[in-house]
Amino acid sequence: MPFLQSNSLPLALGPLPIRTHLNIPNPCRLRIYQAPRILCAATRKRTGKQRYPSEKKKLKQKHKDTLREVENKFEGIWRLSKLAVPVQDDPGKDFTGVSDGLLREIAKAIKFPVASMLPAEAFSVIRKSFDARKILKEPKFVYTVDMDVSKLVDLEPRTQDFISDLTLRVGLIDHITQGRVTGDLISIIRHARKGEEVQASSGSGDHDNGSSNGSSGDRPRIAVVGGGPSGLFASLVLAELGADVTLMERGQPVEQRGRDIGALVVRRILESESNFCFGEGGAGTWSDGKLVTRIGRNSDSVLAAMKTLVHFGAPNNILVDGKPHLGTDRLVPLLRHFRQHLLELGVSVRFGTRVDDLIVENNCVVGVELSDSRNQLPPERFRCDAVVLAVGHSARDIYQMLLSHNVDLVPKDFAVGFRIEHPQVLINNIQYSSLATEVQSGRGKVPVADYKVAGVVSTENGDISSNSVPSERSCYSFCMCPGGQVVLTSTNPKELCINGMSFSRRASKWANAALVVNVSKQDFETLSFHGPLAGVEFQREFERRAALMGEQDFVVPVQRVTDFLDNKLSGTSLPSSSYRLGVKEANLHELFPSHITQALKRSISMFNQELPGFISEEALLHGVETRTSSPVQIPRGDVSYESLSLKGLYPVGEGAGYAGGIVSAAVDGMQAGFAVAKNFCLFPEDMDLVLGKAERAGFVKY
């Protein structure tokens, strides 16, 4: 039967054979693929006919190896992927329901002739993203949808035969035996603990109020140092599992932190302990609030973290959006709600409290030495059973303090470069062409345009002054902030470093991103920086140079992209900048060593091939971006999360070298919280089993 348009009359279904009952005694069986995860380092993957024969053979073998049987086509969930809805047929970026346009694409996927008869209630949107690549005939919204076949056949019996004929298509149509269910972290833990209490009471009759190690007076006392995502999530897990938690943050709560940042922007007053880096929520609070992650978007841990953010006030669409973000304006109230919940759990939250030293006895941490970060209270010794060290990558004094206790610190590669800024209208036009008018300062039908570019550049042919540095470097854009602004992230008035931020609507007239190349131990050594903190000194060197080039007072040295490529100063008026503390034209060739400068120049030329118009008279480079990630890693146990060189210390998050962004930091803190809880017998099950309970608990089905 030919496929009918969605506006066809329902009578067209009249002659279709319909079974007389829905309970199918003889389940249909088929072989089914479980789509493998394919990783590719290139910005564009070879697909279809472009694949090499060896790649095709390998992919075919992977598919064969993952064959499994489905007991019944009419049980479980069918997942439909890559459903592309043209922009004109979609309600827009802020709509996450099932539209008529999406129903038409679903009907095509399952070969059902009349889309208008499909009940929207049988479908759930799992992912929605916007694809405006030039290789497409037209921009489209791309969906992943779960189809509940039991509900579908119940609401529209005439779909039964089409489900019977449904065949698997790798990457497009998949079958899930059980619908994926999960909940926020609080629900997961409380459900797991409730199950334990029931089991304990039925076994022995004893009931210890949820704590497995006795009365409340026996609860382990845990100090969590740092109020960023990893510290907050570690505190949440430990408090929910019954530990006595004290959360210590050297900075201020978001209310006061906002006032301190305002004083910095308006009056150039830098509070060394309350700024864009330090304070409640960590460096991610005054940022773009990106929630994208490379650690597995659909993993139990990531889903639990995301739904916990929703529990505390994040919009539900972050669970669906292909590139979720919050923006500072949404992060601030979310953090207040998070703090209030911790207080209700009995967590002692101490702001303006800096950890100056560890108290160590017999190679084990037994406490911390504290001071008031604003020097209003005398020093204090705080005794505890363990320290969760969740400081960010800018707490350089902590690294020095750890070295004094012979804690192992391993230098880690990171990236340095500039922050490049374009007019947002230009990026919209590059990415969307004629559709750029639909952006409408973040209120339009399509998202504000962003970009992500990466590649490898060579620095041969005389560019390298020393044979000890690499001849090839990775280069990439980082932390792209559409509709955002460039902000100061210095914690020392003699050093100058910058980052980007934006609000939820991304409505400013500028787009900025870090443009960086990787650096490693060899680069540190060319400047005679050695030892565990060589990367920190490398960062400081260029932050000090940038401050001098801007002539201090937080003025940022800048240069047109075209002038940077030509190694000259034009002397003409500069494009406007979003940076509010002032900019000064400077030759940025004088900032980095020549081999890094040449790599940056070549990366700009490469990115212009990917994004024609990227090199523009309106594009402005700002110096300097150095804190893309932590310059050190603190070795720890894979399962215990405990430092390998000092007992009782649990290094977590971005500052410890195990995360890079809000979500990965939150997940690392969450997992560390479970590990610490297990070490203190607060919860005997493995972390994976605890999170796995979400799949069986049925909290939220999507």
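Colleague: Which residue of β5 is the bridge partner of Arg127?

Modeller: The partner of Arg127 in β5 is Thr144. Please bear in mind that this is a predicted model.

Colleague: How many bridges join β4 to β5, and in which sense do the strands run, parallel or antiparallel?

Modeller: β4 and β5, the latter covering residues 140-148, are antiparallel and are joined by eight bridges.

Colleague: What is the strand order in the sheet that holds them?

Modeller: The order is β4-β5-β3-β6, an open sheet of four strands with antiparallel pairing. At its edges stand β4 (123-131) and β6 (173-176), each of which pairs on one side only. On average, neighbouring strands here are turned by 25° against each other, direction ignored.

Colleague: Which strands of that sheet does α2 touch?

Modeller: Helix α2 (residues 100-110) packs on the sheet and touches β3 (77-86), β4, β5 and β6. The direction of α2 makes about 125° with that of β3.

Colleague: What is the phi of Lys82?

Modeller: Lys82 is not a glycine, yet its phi is positive, at about 60°. In general, most residues other than glycine have a negative phi. Lys82 is found in strand β3 and is exposed, with a relative accessible area of 58%.

Colleague: Where does Asp553 lie?

Modeller: Asp553 lies in the loop between α13 (534-549) and β22 (556-560). Asp553 also has a positive phi of about 60° without being a glycine. With a relative accessibility of 43%, Asp553 counts as partly exposed, because that value falls between the 20% limit for buried and the 50% limit for exposed.

Colleague: And the peptide bond from Gly623 to Val624: cis or trans?

Modeller: The bond from Gly623 to Val624 is cis, with omega near 20°. Val624 is found in strand β24 (residues 620-625).

Colleague: What is the order of the open sheet that contains β24?

Modeller: Seven strands form that open sheet, in the order β17-β18-β21-β16-β24-β22-β23, and the pairing is mixed. The edges are taken by β17 and β23 (583-585); each has a single partner strand, so one side of each is left without a neighbour in the sheet. Neighbouring strands of this sheet are turned by 35° against each other on average, direction ignored.

Colleague: Which residues of β17 are on the covered face, and which on the uncovered one?

Modeller: In β17 (residues 454-458), Gly455 and Val457 form the covered face, whereas Ala454, Val456 and Ser458 form the uncovered one. In a regular strand the side chains alternate between the two faces of the sheet. β17 runs antiparallel to β18 (residues 472-481), with five bridges joining them, and Val456 stands opposite Ser474 in β18.

Colleague: How many bridges are there between β16 and β21?

Modeller: There are 10 bridges, in the antiparallel sense, between β16 (residues 414-423) and β21 (residues 510-519). The bridge partner of His422 in β21 is Ala511.

Colleague: Turning to β14, are its faces covered or uncovered?

Modeller: Both faces of β14 (residues 386-389) are covered. Ala386 and Val388 on one side, and Val387 and Leu389 on the other, are all buried. β14 is joined to β8 (residues 221-225) by four bridges, and the two run parallel; Val225 stands opposite Leu389. The pairing of β14 with β26 (residues 649-651) is also parallel, over three bridges, and Val387 has Leu649 as its bridge partner in β26.

Colleague: Now the helices. How do α6 and α16 cross?

Modeller: The axes of α6 (residues 229-240) and α16 (residues 662-679) come within 7 Å and cross at roughly 35°. The crossing is right-handed. Residues making the contact include Phe233, Ala234 and Val237 of α6 and Ala666, Gly669 and Gly673 of α16. By class, the contact has 12 nonpolar, three polar and no charged residues.

Colleague: What is the reach of α15?

Modeller: The 17 residues of α15 (residues 594-610) reach 25 Å from first C-alpha to last, close to the 24 Å expected at 1.5 Å a residue. Among its buried residues are His595, Leu600, Lys601 and Phe607.

Colleague: Finally, why does Ser164 count as buried?

Modeller: Ser164 counts as buried because its relative accessibility is 12%, and the cut-off is under 20%. Ser164 lies in helix α4 (residues 160-164). The C-alpha atoms of Ser164 and Phe74 are separated by 8.0 Å, although the two are 90 residues apart along the chain.

Notes: Residues are numbered from 1 along each chain as its sequence is written. This is a predicted model: local features need pLDDT of at least 70, side-chain atom pairs count only at pLDDT 80 or more; totals for chains, interfaces and linings use all residues. Side-chain values use heavy atoms; hydrogens and water are left out. Axes are lines fitted to C-alpha atoms, for helices over the stretch in contact, and angles run from 0 to 180 degrees between N-to-C directions. A crossing is left-handed if the near helix is turned anticlockwise from the far one by less than a right angle, and right-handed if clockwise. Contact means heavy atoms within 4.5 Å. Ala, Val, Leu, Ile, Met, Phe, Trp, Tyr, Cys and Pro count as nonpolar, Asp, Glu, Lys and Arg as charged, and the others, Gly among them, as polar. The expected span of a helix is 1.5 Å times one less than its number of residues. Buried means under 20% relative accessible area, exposed over 50%, partly exposed in between (1.4 Å probe, protein chains only). Two strands pair if DSSP finds at least two bridges between them.
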